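Please consult the sequence and the model while reading.

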Amino acid sequence: MREIVVCGEALVDVVQQKQTPEAVIDGTLAPLQPVLGGGPFNVAITLGRLGSAVSLLSAISTDTYGDAIIRALQAAGVGTALLQRRSEPTSLALATIADDGSARYSFYVEGTADRNVDDPGTLPPTVRAVTFGTLSLVLEPGASVYEDLMRRCHDEERLVVLDPNIRSAVIADADAYRERFRRWMPFVDVLKLSDEDAAWLGRGPGGSTVGDWLADGVAAVITTAGSAGITVTTADEEVTVPARGVEVADTIGAGDSVLGGLVHQLDRLGALSPSSVRSLRINQWREVAEFAAQVAAITVSRPGADPPWAGELRND
């Protein structure tokens, strides 16, 4: 059995609904809709719905939202044996949706459960791939726990996948984060990030680029650019696949569903190991990116982070 473990936070996105013309005039606030989210949570849900054997490793509150997170994971087929329950509250993210469907976030994460994750020890031998990213690699004390686990997984020859999913609002020292990010690269096999993430990481004295990350040992860098598609870059080759044309409801969870689609397709190809990923040919990477683009297209076509089930995907 090949199992994937997704590491990181599950939280509640409080999504601001569309403002009516009347509300704009009289100053009434648009209503808020709470929905379950968090980058790693969304990745795990995507993988579970697509049919991969996946578990989430995180610290989950014992509050009402935490109970809802557990139920949602189980409904999507995500394993919960690696979850730690804690008394601190669930993190909140206020998401404001722009006219083009893009989302902007403000975070309420002080003293919350997910940032207090404990070291899980050695993962089961069935775990072949481990993903990391988003707030969980920023907020201490959990960030150091996940970083140590990343290094151990690399040493144990498990496939390490990273999506930094930059949320600059919670990064107190941008230069220090960029330097820390660069130190992770020798332990990462697959790096997925948006073009905006790549641009942010390239700034300042500690900035780095795709070429730097590949030189540091990353096997493949997957860059998303919204409607411009998905690009896979390896040390020798590069391929870009177009985004699927759909009417966008919003972009919440779009990048997370790309990551879930990428890892699921690697699973289907039997490429959940560092050596197998490094042996993939460019036409196989094209197949991986095309599948991820199809998953993301369905996700952005409906409100919130609502990735598709396997039965919703075409087999072309």
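This is a predicted model: local features need pLDDT of at least 70, side-chain atom pairs count only at pLDDT 80 or more; totals for chains, interfaces and linings use all residues.

Q: Which elements give two or more residues to the lining of the largest cavity?
A: The largest cavity has a volume of about 60 Å³. Its lining includes Gly-39, Pro-40 and Val-43, and also Asp-256 and Leu-259. The elements that contribute two or more residues are α2, β8 (127-133) and α8.

Q: Is helix α2 mostly covered or mostly exposed, and how many of its residues are buried?
A: Helix α2 covers residues 39-50 and reaches 17 Å from its first C-alpha to its last, close to the 16 Å expected. Residues counted as buried have under 20% relative accessible area. Among those in α2 are Phe-41, Asn-42 and Arg-49. The helix is mostly covered, and its buried residues number twelve of twelve.

Q: Which residue just after α2 takes a positive phi?
A: Helix α2 spans residues 39-50. Just after α2, a phi of about 110° is found at Gly-51.

Q: Which residue in β3 is the bridge partner of Val-14?
A: Strand β2 (residues 11-16) has five of its six residues buried. It pairs with strand β3 (residues 32-37) in the antiparallel sense over six bridges. In β3, the bridge partner of Val-14 is Pro-34.

Q: Which residues lie nearest the centre of the largest pocket?
A: The largest pocket holds about 1,400 Å³ of space. Elements that each supply at least two residues of its lining include β2, α2, α8 and α10. The lining comprises 49 residues, and those nearest the centre are Ser-194, Glu-196, Thr-251, Ala-254 and Gly-255.

Q: Leaving aside neighbours within four places in sequence, with which residues is Leu-266 in contact?
A: Contact requires heavy atoms within 4.5 Å. With those sequence neighbours set aside, the partners of Leu-266 are Leu-159, Ala-271, Leu-272, Val-277, Leu-280, Trp-285 and Val-288.

Conventions
Residues are numbered from 1 along each chain as its sequence is written. Side-chain values use heavy atoms; hydrogens and water are left out. Helices (H or I, at least four residues) and strands (E, at least two) are DSSP runs, numbered from the N terminus. The expected span of a helix is 1.5 Å times one less than its number of residues. Buried means under 20% relative accessible area, exposed over 50%, partly exposed in between (1.4 Å probe, protein chains only). Two strands pair if DSSP finds at least two bridges between them. On a 1 Å grid over the protein atoms alone, a cavity is a set of points where a 1.4 Å probe fits but cannot get out, and a pocket is an open set with protein on both sides within 12 Å along at least five of seven lines; lining residues have an atom within 4 Å of a point. Grid points are joined across faces, edges and corners, and a volume is the space filled by probe spheres set on the points.
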